[in-house]
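User: I would like to learn how to read aromatic pairs and a helix in a protein model. Could you take me through them step by step?

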Amino acid sequence: MSRVATPVQARQQFRHLARHLPEPPHLLRLHIGGMDRITAGPVDERAVILWCHGGAYIVGGPGTHATMLGRLSRLSRLAVLAPDYRKAPEHPAPAAFEDVRAAHGQLVAQGWPPSRIVLGGDSAGGGLALALLADLCARGLRPACCIVFSPWADMTLSGDSLHRNGAADPLLPVHRIEEARRHVLGDLRPDDPRISPLHAVFDAPPPVLIQVGSDEILLDDARRMAEHLHKAGAMVTLEEWARAPHVWQMFDGWLPEARRALWTAARFAADHAGVSIASR
């Protein structure tokens, strides 16, 4: 949103960027029932990853994230299912939350035990995954674990890093974040747990991995989210990567830190889902 005026232009720009990301070998993307099934090689069918893509709730989709999710699938030996949830401003909150909640229900209806579903997301999708995590825990449907990259977890915009890292963050323009929030919120309060999981109640959450860059404007969202989950009883692993840009995991093939972070996430997913990990 930094160099464009409208959501339509932002979507075009994001799709253009995604087309230039290096694909992992044997990337396969199948559209099934409102979700994309993304793999890159053989997978263990005893567990699955449900991933909420990022894009400020405005841009992106399973296709823009297919290369990153394909690499995650290849490393974890798990298929990734990515819902194509509705976007703002045409569909403000809680539309995205309702769609990913329905996607999880679809997996359960297909016979997936909740304990064999790994929940994940990046950026706004990280906040969405955490919001869904709180909902699932409240309904006794705890996933195997949750993995989030650079989550946008607080729509009240109260994190100090929004100002402290405003000039350092190379990707997210802090001067546009209020504009993005106006597109997204709809009739919800900024502290509604469906859009701000930092304000959600977590009932005995499963293990959570959070990865964030040290220069990100969302650094304090990640830190405060880790503390909130820890107080709720979760085993939380917070990784702060020095000078890594927002959702650097998408730049696998360009940044060596991306592969290392995805490998850590893959091991976390496989270990808690109880499946064998791929060789590095």
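Predicted model: local features only at pLDDT ≥ 70, side-chain atom pairs only at ≥ 80, totals over all residues.

Analyst: Residues are numbered from 1 along each chain as its sequence is written, and side-chain values use heavy atoms, with hydrogens and water left out.

User: How many aromatic pairs does the structure hold?

Analyst: A pair of aromatic rings is described by the distance of the centres and the angle of the planes. Rings of Phe, Tyr and Trp (its six-membered ring) pair if their centres lie within 6.5 Å, and planes under 30 degrees apart count as stacked, over 60 as edge-to-face and the rest as tilted. The structure holds four such pairs; one of them, Tyr-57 with Trp-152, is tilted, at 6.4 Å centre to centre and 50° between the planes.

User: Is Tyr-57 buried or exposed?

Analyst: Buried means under 20% relative accessible area, exposed over 50%, and partly exposed in between (1.4 Å probe, protein chains only). Tyr-57 is buried at 3%, and Trp-152 is buried at 5%.

User: What span should helix α3 have?

Analyst: Helices (H or I, at least four residues) and strands (E, at least two) are DSSP runs, numbered from the N terminus, and the expected span of a helix is 1.5 Å times one less than its number of residues. For the 15 residues of α3 (residues 95–109) this gives 21 Å, which agrees with the 21 Å between its end C-alpha atoms. Its buried residues include Phe-97, Val-100 and Leu-107.
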